[in-house]
Each structure stands twice: as structure tokens, then as C-alpha cells.
Amino acid sequence: MTDAGRNPEERELVGLALEGDPRGFAGLVRLHQRRAYTVARSIVLSHEDAEDAVQEGFLRAYQALDRFDPGQPFGAWVNRIVANAALDLARRKKVRNAEELSDAMPSPFQDPAEDAELKARLKSALAKLPERSRAVVVLHDVEGFTHAEIGKLLGIPGGTARSDLHHARQRLRGLLENMRD
Amino acid sequence: MDEDNELRLTDEGDERIVRLLRGAYAPPADESYWEGLETRILSLLASHRLGLVRTQSSLWSVLERWATPGLAAAGLLFIAAGLFLAQPNNEPVQTTYEEVTEPLVVEELPGAVNVVTAPRDRLSQREATFRYVLSH
């Protein structure tokens with residue numbers, strides 16, 4: 001999946017933000033907060049941590065606005081900053097209980113007993129993955145990012161993202177044995 | 001990028017895992033949630049403009065920032081310690097040398113025999129003999 005690109009609205013908002021007009025950055029937040037949340041959520045274990053990372057990421061981006069190259073897509077730039085904020089947060093909270101994965105997870109299954117068991121196992125399996133592995137699996141297999149895009153987001157080569165994905169999938173499959181169709 | 005390189009879990013028979021993951025990672029669907037998040041972000045920025053907020057500087061970020069200078073300082077310290085320890089220890093050798101070469105200062109005991117060392121040249125030898133005879 002590619003970045004939304006430099007549409008005229010974004011260009012105008014970036015221009016306003018660089019001139020110090022608060023409406024510019026507010027518009028950029030509105031435009032990019034959902035994707036930023038997705039990136040953060042792929043790295044941290046809970047919805048609440050993802051929110052914190054998004055807020056922290058936008059604040060860092062605001063502080064670093066004078067270093068932003070207006071020729072680049074703002075979304076890719078801010079998502080990278082949000083990813084770093086999420087990685088920092090995940091490291092700070094490394095020893096966390098799998099229980100922190102949202103209990104409000106929507107149920108895709110018919111059988112409530114089976115659903116509960118599978119959700120519990122998924123929580124446990126995801127918590128056991130290192131944050132980068134978890135991010136690579138979610139960004140690639142759930143959100144549809146390419147290896148190259150993931151590499152840019154996480155500050156690693158695309159080949160490393162691909163290799164991480166391979167190992168993370170193996171680990172996840174091992175942890176979720178008997179769950180596959 | 002080669003299509004084979006971008007195979008998803010769903011392409012490999014893991015639809016069930018992907019369904020679960022999508023459920024777990026689904027962003028909030030309620031529009032009011034996003035309006036609320038935007039408001040919170042903008043409030044945070046406003047607080048920052050007023051100097052009320054600073055970004056969280058994690059231990060990891062601080063460590064990363066100081067890792068290179070820290071390693072360089074540790075390396076210099078190691079080299080300095082190595083040079084110091086590798087230096088020949090001259091002081092004890094010098095002390096031992098002085099102990100061997102310096103004449104011992106011994107207080108003369110009453111009634112002790114004066115030992116006169118025979119000088120090497122002939123004139124001095126005679127003088128020494130004369131002093132010996134006079135002393136007895």
C-alpha cells in the first residue's frame with residue numbers, strides 16, 4: 001500500500017503549517033491520524049498505547065517541522081516518527097502482560113467458546129513476539145504494506161523486513177499450532 | 001517488487017490467523033473517536049506551544065544518543081589504563097639499587113674494632129698499616 005501522496009490539500013496544509021499557521025498542522029493531523037494509528041497499533045500491544053504513540057509522534061513531528069522536506073510526502077514522514085514513538089513506548093513497556101491486548105476485540109467466529117480460546121491464544125502469541133516482528137506481520141499481512149514500505153517505516157532495509165516477516169510468521173504459526181484451517 | 005516476495009498469510013492458508021489479527025488490530029470505526037483523538041492531539045500541541053509539555057525522552061533514546069561517545073570514552077580509558085600498566089616499574093628497582101650501593105649508616109658501638117679497608121694504591125696501603133699499628 002502506498003502513501004496517500006501529495007494531493008493539493010496536503011500541499012496547502014504543509015505550506016500553512018510551515019508558515020506557522022496552526023490550521024495547517026491541524027489539517028495534517030486530521031488527514032493522517034488514522035494511518036498513524038494503524039502504524040502505532042501494529043507495534044504496541046494495546047489500543048491505549050497506540051493512542052499515546054500517535055499523540056507523541058505528532059508532537060515530535062510538530063517540533064521537527066522545520067526539518068521536514070516539503071518535497072516529500074508528509075504521511076510517510078509522520079508515520080516514520082510515529083513508528084519510532086511506538087517502538088520507544090514498546091521498549092519502555094517490554095515486560096507486559098498479554099492481557100493488555102484489547103478485550104473489546106471484535107469476534108469473527110460463531111462459537112463463543114472457540115472464539116474465546118482462540119483470542120486468548122492469539123493474545124499470548126502476539127505478546128511473545130518481539131515488537132518489530134509483530135509490527136512486520138501486522139503491517140504486511142493485515143494492513144497490506146510492502147516489505148520496502150515497512151523497511152522505510154521501521155528504519156530497516158526491505159530485505160530485513162522480509163526476513164523478519166518470514167521468522168515472525170514461523171514463530172506465530174508455532175505458537176498458534178492447530179489454529180489454522 | 002516480485003509478486004512472490006509479497007505473499008500474505010492468506011495466500012499460504014492462514015486465513016483464520018489473518019481474520020483474528022484483523023479483529024485484534026481493527027481501528028475504531030466510530031467517527032467521533034477520531035474527532036476526539038484529533039482534539040487531544042491539538043490540545044497537546046497547544047500545551048507544547050505554551051511550554052507546558054515536553055516530548056518523552058525514553059531511556060532507549062538517551063542511551064542511543066550517548067552510546068557512541070560512551071564507547072569512545074571507554075576505549076580511551078582502556079588504552080590509558082593499558083599504557084599505565086605496561087610502563088616498566090622503575091621505582092622499586094631504583095630503591096633496590098640504592099639500597100645495594102649506598103653505604104650503610106651504622107652507629108659505632110663502644111669498644112668495637114675499627115675495620116680499615118685496605119686501599120688499593122701503595123701509598124694508601126702504607127698509611128692504613130700505620131693507622132692500624134697506632135690504634136693498637
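The bend at a residue is the angle between axes fitted to the seven residues ending there and the seven starting there. The model shown in every view is predicted.

**View 1. Chain A is built from helices.** Chain A has 8 helices and 0 strands. Read along the sequence, its pattern is α-α-α-α-α-α-α-α. Of its 181 residues, 41% count as buried. Take the contacts in chain A with a separation of 6 or more: residues 24 or more positions apart account for 67% of them.

**View 2. Helix α2 of chain A bends at A:His32.** Helix α2 covers residues 22–43 of chain A, 22 residues in total. From first C-alpha to last, α2(A) reaches 29 Å. That is close to the 32 Å expected at 1.5 Å a residue. The bend at A:His32 is about 50°.

View 3. Now pick out A:Val82. Not counting residues up to four places away in sequence, A:Val82 touches A:Ala36, A:Val39, A:Ala40, A:Ala53, A:Val54 and A:Gly57.

**View 4. A:Val54 is buried and touches a residue of chain B.** A:Val54 sits in helix α3 (residues 47–63) of chain A. Why is A:Val54 buried? Its C-beta has 28 others within 10 Å, and the cut-off for buried is 20 or more. Leaving out residues up to four places away in sequence, A:Val54 touches A:Gln33, A:Ala36, A:Tyr37, A:Ala40 and A:Val82 in chain A, and B:Leu37 in chain B. A:Thr38 lies 16 residues from A:Val54 along the chain. Their C-alpha atoms are separated by 9.3 Å.

**View 5. A:Arg134 is a buried residue of helix α6 of chain A.** Helix α6 spans residues 131–142. A:Arg134 has 25 C-beta neighbours inside 10 Å, so it counts as buried. Leaving aside neighbours within four places in sequence, its contacts are A:Ser42, A:Ile43, A:Leu126 and A:Leu129. A:Val44 is 90 residues away from A:Arg134 along the chain. The C-alpha atoms of the two are separated by 8.5 Å.

**View 6. Helix α8 of chain A has a buried side and an exposed face.** Helix α8 runs over residues 158–175 of chain A. At 1.5 Å a residue, its 18 residues should span 26 Å. The end C-alpha atoms are 25 Å apart, which agrees. Buried in α8(A) are A:Ala161, A:Asp164, A:Leu165, A:Ala168, A:Arg169 and A:Leu172. These residues cover an arc of only 135° around the axis, so they lie on the same side of α8(A). The face turned away from that side carries the exposed residues A:Gly159, A:His166, A:Gln170 and A:Gly174.

View 7. Residues up to four places away in sequence aside, A:Gly158 touches A:His147, A:Ala148 and A:Gly151. The C-alpha atoms of A:Gly158 and A:Thr146 are separated by 8.5 Å. Along the chain, these two are 12 residues apart.

Key
Residues numbered from 1 in each chain as written. Chains lettered and ligands numbered in written order. Predicted model: local features only at pLDDT ≥ 70, side-chain atom pairs only at ≥ 80, totals over all residues. Helix = DSSP H or I, 4+ residues; strand = E, 2+ residues; numbered from the N terminus. Expected span 1.5 Å × (residues − 1). Buried ≥ 20, exposed ≤ 12 C-beta atoms within 10 Å, placed from the backbone. Arc of directions from axis to C-beta. Contact = placed C-beta atoms within 7 Å.
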